[in-house]
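Could you walk me through the backbone of this model, from its loops to its helices and strands? Here is a short tour.

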Amino acid sequence: MPDTNTPYFTGQWWKRKDVKRHAVLWVILTALIGYFGSEIQTRAMGTPASEAMENVIHLIRIFTWAAAPVAGFVAAIAIGALMGKRHHGDFPPPEAEHNISNSPRTNAVWIVISALLCLFALVAGLIALQKDNASLLDAKAIHVNVVGQQWAWNYDYPGTAGVRSNVLHLPVDRPVVFHVTSKDVKHSFWVVQMGIKIDANPGVFTESAVTPNKIGTFDIRCAELCGLLHAYMQNKVIVESQSDYETWLASQPDTGKTTWTEEKAAA
Ligand SMILES: [Cu+2]
């Protein structure tokens, strides 16, 4: 039970001046954190080049706005205390000497709220993931074998005469399935503006799929610290029309390299 001897729990606490001040701070900080957290962050990621990335950005906005009141509450208490409680002197002020009391009701309310927030994040995340995985099963999909090594990405095109490239070319509006592996340490294949990020592990093939929906040049990076030149392990994906893609494919020399299916069988 709250300790009713302290002024903090007597009467109608919500009418207290400092409670009102903290409530105003809470609202302002929630709006600021929600806005900057969702808008600035998602804008910094660049124009989405796939529906998957649009889903990722949508999800970031929802999660940020769900978390903003919690972060805003903590920040309001901290800032309110720093600004409103100032004291000079050798000893603490008399009002600092009150017992810290436990409120089971407040604890229960907070456990329920945080459980609901976690459950919501889990369900919303799983729904978004489900959508992204649909193109893995698409029969029209093209397949690309992605091989990471310190510190470069290489792309093999199965069904071609051993085409291998260090720039990824993809036709627009067609699903592509990436079969990702590594020759040495763990890497992570990250197609930034398409919202694809998947581990590249030696000896194993991991799969991810996406449908690029915008013509242009986008970034590919390694998202797993993999050694000295990790920061430079990046190259480009060029998304082009189907005919440009076919022209490029035909212009590539036969490297005589194995295709992903053979490497996969050997793995
Ligand atoms: Cu790497």
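## Loops, helices and strands

D173 is found in the loop between β4 (168-171) and β5. Helices (H or I, at least four residues) and strands (E, at least two) are DSSP runs, numbered from the N terminus. This is a predicted model, in which local features need pLDDT of at least 70, side-chain atom pairs count only at pLDDT 80 or more, and totals for chains, interfaces and linings use all residues. Residues are numbered from 1 along each chain as its sequence is written.

Back to D173: its phi is near 60°, a positive value in a residue other than glycine. D173 counts as partly exposed because it has 13 C-beta neighbours inside 10 Å. On that scale, a residue is buried if 20 or more other C-beta atoms lie within 10 Å of its own, exposed if 12 or fewer, and partly exposed in between, with C-beta atoms placed from the backbone. Another loop, between β1 and β2 (152-157), holds W151. The peptide bond leading from Q150 to W151 is cis, with omega near -5°. Most residues other than glycine have a negative phi, and most peptide bonds are trans.

Now to the sheet. Five strands, in the order β3-β2-β1-β5-β8, make up an open sheet with mixed pairing. β3 (163-165) and β8 (206-210) are at the edges with a single partner strand each, so one side of each has no neighbour in the sheet. Two strands pair if DSSP finds at least two bridges between them.

| Pair | Sense | Bridges |
|---|---|---|
| β1 (residues 142-149) and β5 (residues 176-182) | parallel | seven |
| β6 (residues 187-191) and β9 (residues 216-222) | antiparallel | three |
| β9 and β10 (residues 234-240) | antiparallel | six |

Within these pairs, V144 stands opposite F178 in β5. I220 of β9 faces V191, and I220 also stands opposite N235 in β10.

Finally, the helices. Helix α2 (residues 51-84) has 34 residues and spans 48 Å from its first C-alpha to its last, close to the 50 Å expected at 1.5 Å a residue; the expected span is 1.5 Å times one less than the number of residues. α2 bends by about 35° at A68, and the proline P69 follows within four residues. The bend is the angle between axes fitted to the seven residues ending at a residue and the seven starting there. A68 is one of the buried residues of α2, which also include M53 and G72.
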